[in-house]
Amino acid sequence: MTSKLKDPLIDNLFEAVLSLQDTEECYRFFEDICTVAELKSLAQRLEVAKMLQLNRTYGDIADKTGASTATISRVKRALNYGADGYKLVFDRIKI
């Protein structure tokens with residue numbers, strides 16, 4: 001797959017993430033590299049995507065996650081027209 005994001009710095013980031021061995025190491029790394037708000041935003045988007053896959057309504061998703069309708073729409077667009085990254089992860093973690 002050819003990504004629009006392809007860049008040596010991003011390659012280095014992804015290699016660093018792939019080197020992490022467990023949840024504890026993820027917490028340690030992401031606490032250093034992300035702000036709390038950035039990390040919570042990423043986690044929120046993943047939960048929104050999960051809920052969209054389960055055919056939950058925008059209202060339910062907004063209530064449970066605190067995500068705006070704009071964020072929910074963005075995630076839905078990624079699910080429908082993106083690079084299938086959410087699908088890849090969801091197939092592996094069996095939502």
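This is a predicted model: local features need pLDDT of at least 70, side-chain atom pairs count only at pLDDT 80 or more; totals for chains, interfaces and linings use all residues.

## The nonpolar core

The largest nonpolar core is made up of 10 residues, namely V48, A49, M51, L52, I61, A67, I72, V75, L79 and F90. Two elements, α3 (36-53) and α5 (69-81), each give two or more residues to this core, and the largest share, four residues, comes from α3.

I61 is one of the core residues, and, when its neighbours within four places in sequence are set aside, I61 is in contact with V48, M51, L52, R56, G66 and I72.

## Packing of α3 against α4

Helix α4 covers residues 58-65 and packs with α3 at an angle of about 150 degrees, the two axes lying 10 Å apart. Since angles over 145 degrees count as roughly antiparallel, α3 and α4 are therefore described as roughly antiparallel to each other. The crossing in which α3 passes α4 is right-handed.

On the α3 side the contact involves Q44, E47, V48, M51 and L52, which meet Y58, D60, I61, K64 and T65 of α4. By class, the residues of this contact between α3 and α4 comprise five nonpolar, two polar and three charged.

## Packing of α3 against α5

The axes of α3 and α5 are 9 Å apart, and the two helices pack at an angle of about 65 degrees, which makes α3 roughly perpendicular to α5. The crossing of α3 and α5 is right-handed.

From α3, the residues Q44, R45, V48, A49, L52 and Q53 take part in the contact, while α5 contributes T71, I72, V75, K76 and L79. The contact of α3 with α5 has six nonpolar, three polar and two charged residues.

## Loop residues with positive phi

N55 lies in the loop between α3 and α4, and its phi is near 60 degrees, a positive value in a residue other than glycine. Its relative accessibility is 69%, so N55 counts as exposed, the cut-off for that class being over 50%.

D84 is found in the loop between α5 and α6 (85-93), and the phi of D84, near 65 degrees, is likewise a positive value in a residue other than glycine. With a relative accessible area of 47%, D84 is partly exposed.

Technical notes:
Residues are numbered from 1 along each chain as its sequence is written. Side-chain values use heavy atoms; hydrogens and water are left out. A nonpolar core is a set of buried Ala, Val, Leu, Ile, Met, Phe, Trp, Tyr and Cys residues joined through side-chain atoms within 4.5 Å. Buried means under 20% relative accessible area, exposed over 50%, partly exposed in between (1.4 Å probe, protein chains only). Contact means heavy atoms within 4.5 Å. Axes are lines fitted to C-alpha atoms, for helices over the stretch in contact, and angles run from 0 to 180 degrees between N-to-C directions. Angles under 35 degrees count as roughly parallel, over 145 as roughly antiparallel, 65 to 115 as roughly perpendicular and the rest as oblique. A crossing is left-handed if the near helix is turned anticlockwise from the far one by less than a right angle, and right-handed if clockwise. Ala, Val, Leu, Ile, Met, Phe, Trp, Tyr, Cys and Pro count as nonpolar, Asp, Glu, Lys and Arg as charged, and the others, Gly among them, as polar.
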